[in-house]
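This report describes parts of one protein structure for a reader who has not seen it before. Please look at the sequence and the model first.

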Amino acid sequence: MDKTSIFGVILGIIAVGVGMVLKGVPISALANPAAFLIIVVGTVAAVAIAFPTSEIKRVPKLFGVLFKEKKQISEKEIIGLFSEWAQVARKEGLLALEAKLTEVDDPFLKNGLSLAVDGQSADYIRDVLSEEIEAMESRHQAGAAIFSQAGTYAPSLGVLGAVLGLIAALGNMGDTEKLGHAISAAFVATMLGIFSGYVLWHPFANKLKRKSKQEVKMKEIMLEGVLSILAGEAPRVIEQKLASYLPSGERKKFLEESSETNE
């Protein structure tokens with residue numbers, strides 16, 4: 001479970017709720033079905049118009065990505081794994097890595113290692129795996145775009161809701177109670193639009209983009225690792241090459257620990 005997503009949503013709701021109370025606005029003011037209808041249903045309608053059905057169907061899975069922490073091997077672990085495989089390949093040959101395929105859970109890594117064991121050329125492996133990375137990245141970008149567009153539409157629909165509320169207010173200038181209710185409803189719609197757009201949809205889109213970059217980075221490490229083993233590079237060389245994907249502080253620490261281990 002991705003705790004930061006849940007924490008962020010809860011904190012955002014609390015911030016707005018407590019802020020309303022401190023400003024003297026009753027929470028009951030949010031009980032406005034018309035405002036929710038305009039913002040929620042309107043945003044869904046706009047997104048449905050903007051994207052094809054094949055991409056809209058992926059929205060439930062995207063929420064799963066947002067609120068579930070995907071278990072995957074860390075960068076340091078995968079670098080150590082390639083170093084180990086390189087030692088095996090240099091001593092026993094590439095075919096010896098065929099036994100390691102059963103230990104690999106990641107389909108991308110298993111495919112790359114399988115291609116290397118089968119004797120495919122480095123150029124072919126790079127082309128196949130690079131195309132897979134690009135296709136994955138394209139899917140991720142399409143998913144993030146849905147939330148990004150929702151974040152653009154929601155505040156605009158909030159303005160639409162405000163306009164409708166003001167139209168209702170102008171039609172009840174002689175009735176003070178109805179006038180106040182209409183103006184309140186107008187600003188509730190605006191608040192809901194801004195809140196959902198800038199506290200939910202845009203941040204959701206950003207998180208999807210960040211998770212996508214992290215996954216692409218892992219795939220690139222795997223790709224370079226497979227090609228390095230295929231080229232017969234030494235384990236230490238592979239470690240130094242793949243460690244370049246780590247932040248400078250972590251890279252230095254990792255290489256130092258690796259040197260101590262190998263001594």
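## Basis of the model

The model is predicted: local features need pLDDT of at least 70, side-chain atom pairs count only at pLDDT 80 or more, and totals for chains, interfaces and linings use all residues. Residues are numbered from 1 along each chain as its sequence is written, and side-chain values use heavy atoms, with hydrogens and water left out.

Helices (H or I, at least four residues) and strands (E, at least two) are DSSP runs, numbered from the N terminus.

## Helices H6 and H7

Helix H6 covers residues 107–117 and helix H7 residues 122–170; their axes are 10 Å apart and the packing angle is about 165 degrees. H6 is therefore roughly antiparallel to H7. Axes are lines fitted to C-alpha atoms, for helices over the stretch in contact, and angles run from 0 to 180 degrees between N-to-C directions. Angles under 35 degrees count as roughly parallel, over 145 as roughly antiparallel, 65 to 115 as roughly perpendicular and the rest as oblique.

On the H6 side, Phe108, Asn111, Gly112, Leu115 and Ala116 meet Tyr124, Ile125, Val128, Leu129, Glu132 and Ile133 of H7, where contact means heavy atoms within 4.5 Å. By class, this contact of H6 with H7 has 8 nonpolar, 2 polar and 1 charged residues. Ala, Val, Leu, Ile, Met, Phe, Trp, Tyr, Cys and Pro count as nonpolar, Asp, Glu, Lys and Arg as charged, and the others, Gly among them, as polar.

## Burial and ends of H6

The buried residues in H6 include Phe108, Gly112, Leu115 and Ala116. Buried means under 20% relative accessible area, exposed over 50%, and partly exposed in between (1.4 Å probe, protein chains only).

At the start of H6, a side-chain oxygen of Asp106 comes to within 2.9 Å of the backbone nitrogen of Phe108. After H6 comes Gly119, with a positive phi near 90 degrees.

## Helices H2 and H7

Helix H2 (residues 33–50) packs against H7 at an angle of about 135 degrees, and the two axes are 8 Å apart. H2 is therefore oblique to H7. The crossing of H2 with H7 is right-handed.

Residues of H2 in this contact include Ile38, Gly42 and Ala46, and those of H7 include Ala150, Tyr153 and Leu157. The contact of H2 with H7 has 11 nonpolar, 4 polar and no charged residues.

## Two buried glutamates

Glu224 lies in helix H8 (residues 176–230) and is buried, at 18% relative accessible area. Apart from neighbours within four places in sequence, Glu224 contacts Arg126, Leu242 and Tyr245.

Glu239 belongs to helix H9 (residues 235–242). Glu239 is buried, with a relative accessible area of 5%, and its side chain makes a polar contact of 2.9 Å with that of Ser83. A polar contact is a pair of N or O atoms within 3.5 Å; within protein, one must be able to donate a hydrogen and the other to accept it, and residues adjacent in sequence count only if both atoms are side-chain atoms.

## Distances along and across the chain

Gly12, in helix H1 (residues 3–22), is buried at 12% relative accessibility. Gly12 and Val199 are 187 residues apart along the chain, with their C-alpha atoms separated by 6.6 Å. Leaving aside neighbours within four places in sequence, Gly12 is in contact with Phe195 and Val199.

Ser138 is in H7 and counts as partly exposed, at 44% relative accessibility. Ser138 and Val163 are 25 residues apart in sequence and 38 Å apart in space, C-alpha to C-alpha.

Terms used:
Left-handed = near helix turned anticlockwise from the far one by under 90°.
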